[in-house]
Structure formats: structure tokens, C-alpha cells
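Dear colleague,

Please find below the structure that I am handing over to you, with the sequence alongside. My notes on what was found follow directly after it.

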Amino acid sequence: MSAAPTLEEEYVRQDWLDSLDEELEQELDDGRLDALVEEDPDGTPDLNRRFYYEELFRLQRELIKLQDWVATTKQKVVVIFEGRDAAGKGGVIKRITQRLNPRVCRVVALPAPSERERGQWYFQRYVPHLPGQGEIVLFDRSWYNRAGVERVMGFCTEEDVAEFFRSCPEFERMLVRSGITLVKYWFSITDNEQHKRFLMRIRDPLKQWKLSPMDLQSRVRWEAYTKAKEAMLEHTNIKEAPWWVVEAVDKKRARLNCIAHLLSQFPYEEIVRPEVVLPERVHNPDYHRGPIPKDMYVPAEY
């Protein structure tokens with residue numbers, strides 16, 4: 001009789017299943033879901049995973065309705081995703097954008113500021129990425145870097161932070177007055193959960209790129225990040241753009257909860273599309289397709 005898996009072995013298995021789900025989500029739709037049979041090692045169907053897929057597809061259909069409504073009614077939407085490293089922000093963003101039109105919904109994930117940008121007004125480099133009419137912009141980290149990583153890692157002074165806390169609420173009120181709907185999410189995980197997720201990234205060659213030296217420092221400075229987060233929420237939780245906290249220890253529930261909540265922030269309705277009629281193919285008797293040299297083709301290795 002084999003020994004029961006340890007907690008760490010079970011976590012590794014769950015992380016592998018989640019990675020598999022990410023691949024399946026790219027391929028599945030409602031029509032093919034019925035053909036999918038997922039089983040646990042003991043042979044019993046995992047109904048939770050099926051429920052997750054069904055809800056994800058339902059919410060993604062609603063996101064398409066939201067996208068069409070935003071484009072048709074010329075809305076301007078900004079959604080900010082903040083949280084600890086490995087909290088699952090990227091996973092939620094991926095599910096939101098997965099089936100949307102990138103011309104309507106785009107992701108902004110800025111690198112570290114250049115020397116020139118460090119000499120600018122702090123919010124200046126974010127302004128060009130704000131949405132125009134009919135656009136949704138998702139910020140994978142945002143101007144709140146100043147209240148988090150920059151403060152904790154010593155990349156700015158406490159005077160810079162104090163000025164940020166004075167300016168940020170006014171900056172966001174200006175955005176809202178300009179017609180932008182601003183939604184802010186903080187993804188919350190426990191110390192233990194972050195530790196486990198970092199270990200999984202270290203062991204998985206496909207995920208090691210997600211670990212930067214800055215991420216590793218977040219383990220050392222866990223309590224400093226906690227204090228910084230508390231100060232940030234206290235100073236920037238305004239009526240015009242409140243913070244929403246997503247409990248993110250369970251990745252799948254966090255994704256569904258966040259998407260469902262995001263949808264609830266808009267009075268969107270389904271936009272009736274005109275019927276699409278495929279035109280007939282036009283054949284020109286004078287057209288003759290020329291040959292393409294064989295050395296231009298990609299080698300058929302598979």
C-alpha cells in the first residue's frame with residue numbers, strides 16, 4: 001500500500017493541474033467541454049474543475065458583451081491590478097483578455113523607469129497609456145509602484161511617498177471627472193501561500209522567468225510590504241475609486257470572483273450585432289498564381 005502524499009507533494013500536484021488547466025483553457029469552449037473527462041487519481045470526477053470551466057466560459061461571454069458595450073457607447077475604462085508577487089494578478093488578466101479584442105482591451109505592464117522618466121512628474125509616464133473612447137486598459141501594476149516596491153526597496157524617499165499620497169487621490173479624481181471608470185484590485189495571499197508559489201516557480205523551468213531578484217526580496221521584506229500596503233490602502237481608498245480586495249489563495253476562485261465583480265461595476269447590456277453575410281468568392285479568369293520557391297517554406301519537421 002503506497003503512502004499518502006505529503007502536503008508538499010499534494011501542492012505540487014495541484015500546481016501541475018493548474019498549469020494543465022491553463023493550457024486547456026486556451027483550447028476549450030462550451031461545445032468541447034462535454035467531451036472533457038477530468039479524473040482524480042482515485043478515478044472520481046473532479047466536479048469542481050468542471051464547474052470552474054463552465055463559470056469561466058459564462059463570465060468570458062459576459063466580458064465580450066461588456067467589450068461591445070464599451071466600444072459602442074465610447075466608455076473609457078481603467079482596471080488596476082496590484083498585490084504581492086505571485087498573488088495571481090497575471091492569471092486573472094490572462095483570463096479577462098483571453099477572448100477579447102486586443103484593439104479594445106489591452107494590457108499595460110511597464111518596465112522600470114528610464115533615467116529620463118525618473119526626472120519626470122511621477123504620473124507622467126502612465127498618462128500616455130490611458131484609454132481613449134471605447135477602450136479598456138488593464139494595468140498589471142501601476143502608479144502604485146511608488147507606494148509599494150519603490151518605497152520598500154528604497155528607490156524613492158519618504159518625502160516622495162508623502163507627495164504620492166497627497167497627489168494620487170487628486171490624480172484619480174481627475175481621471176474619474178474626465179469620464180474614466182477606474183476600478184482597483186488588490187490581490188491578497190498569505191505568507192505561506194507565497195512561499196509555496198515561489199518554490200513552484202523555482203522548480204518549474206517554464207515558470208522560472210517569473211522570478212526576479214525583486215520578487216525574491218519580497219520574501220525577505222514581507223512585513224515591510226505589509227506595512228506599505230496598509231498605508232497605501234489607508235491613503236488612496238477614495239469614494240470615486242475605492243480599493244477592492246481579492247482573496248487569492250485559491251487561484252480559480254480568485255479568477256471567477258474578480259471577473260464577476262468587474263462585470264458588476266458596469267451597467268452594460270448586450271449590443272445586437274448586424275447579421276454577417278459572407279460574400280461570394282470572386283474568380284478572375286486572368287489571374288494565375290505564380291510558384292513560390294521551395295526554400296521559402298518553413299521546414300515540415302512535424
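A residue is called buried when its relative accessible area is under 20%, and exposed when that value is over 50%, with partly exposed in between. C105 has a relative accessibility of 6%, and therefore counts as buried. C258, at 1% relative accessibility, counts as buried too. The structure holds zero disulfides. Please bear in mind throughout that this is a predicted model.

Overall composition

The chain contains eleven helices and five strands. Of its 302 residues, 40% count as buried. The accessible surface of the chain amounts to about 18700 Å², and 55% of that surface belongs to carbon and sulfur atoms. Among contacts between residues at least 6 apart in sequence, 78% join residues at least 24 apart.

The sheet

The five strands form an open sheet in the order β2-β3-β1-β4-β5, with parallel pairing. β2 (105-108) and β5 (243-247) stand at the edges with a single partner strand each, so one side of each is left without a neighbour in the sheet. On average, neighbouring strands of this sheet are turned by 20 degrees against each other, direction ignored.

The pairings can be followed across the sheet. Four bridges join β2 to β3 in the parallel sense, and R106 stands opposite V137 in β3. β3 is also joined to β1, in parallel, by six bridges; here I80 has F139 of β3 as its bridge partner. On the β4 side, β1 pairs in the parallel sense over eight bridges, and the bridge partner of F81 is Y185 in β4.

Eight of its eight residues are buried, so β1 is largely enclosed by the rest of the structure. In a regular strand the side chains alternate between the two faces of the sheet. In β1 both faces are covered: K76, V78, I80 and E82 are buried on one side, and V77, V79, F81 and G83 are buried on the other. Helix α4 lies across β1, β2, β3 and β4, and runs at about 155 degrees to β1.

The nonpolar cores

Which residues have the most contacts inside the largest nonpolar core? They are F81, I96, Y185 and F187, in a core of 34 residues. The elements that contribute two or more residues to this core are α3 (47-73), β1 (76-83), α4 (89-97), β3 (135-140), β4 (180-188) and α11 (251-264). The largest share, nine residues, comes from α3.

Leaving aside residues up to four places away in sequence, F187 touches F81, E82, G83, R84, A87, G88, K89, V92, V246, A248 and C258. A second, separate core has 27 residues, among them V108, C156, C168 and A231.

A position in helix α7

Finally, A162 is found in helix α7 (residues 158-177). Its relative accessibility is 31%, and A162 therefore counts as partly exposed. The C-alpha atoms of A162 and H235 are separated by 9.7 Å, although the two residues are 73 residues apart along the chain.

With kind regards

Terms used:
Residues are numbered from 1 along each chain as its sequence is written. This is a predicted model: local features need pLDDT of at least 70, side-chain atom pairs count only at pLDDT 80 or more; totals for chains, interfaces and linings use all residues. Side-chain values use heavy atoms; hydrogens and water are left out. A nonpolar core is a set of buried Ala, Val, Leu, Ile, Met, Phe, Trp, Tyr and Cys residues joined through side-chain atoms within 4.5 Å. Buried means under 20% relative accessible area, exposed over 50%, partly exposed in between (1.4 Å probe, protein chains only). Contact means heavy atoms within 4.5 Å. Two strands pair if DSSP finds at least two bridges between them. A disulfide is a pair of cysteine sulfur atoms within 2.5 Å. Axes are lines fitted to C-alpha atoms, for helices over the stretch in contact, and angles run from 0 to 180 degrees between N-to-C directions. Accessible areas come from the Shrake-Rupley method with a 1.4 Å probe; for residues, only the protein chains shown count as cover.
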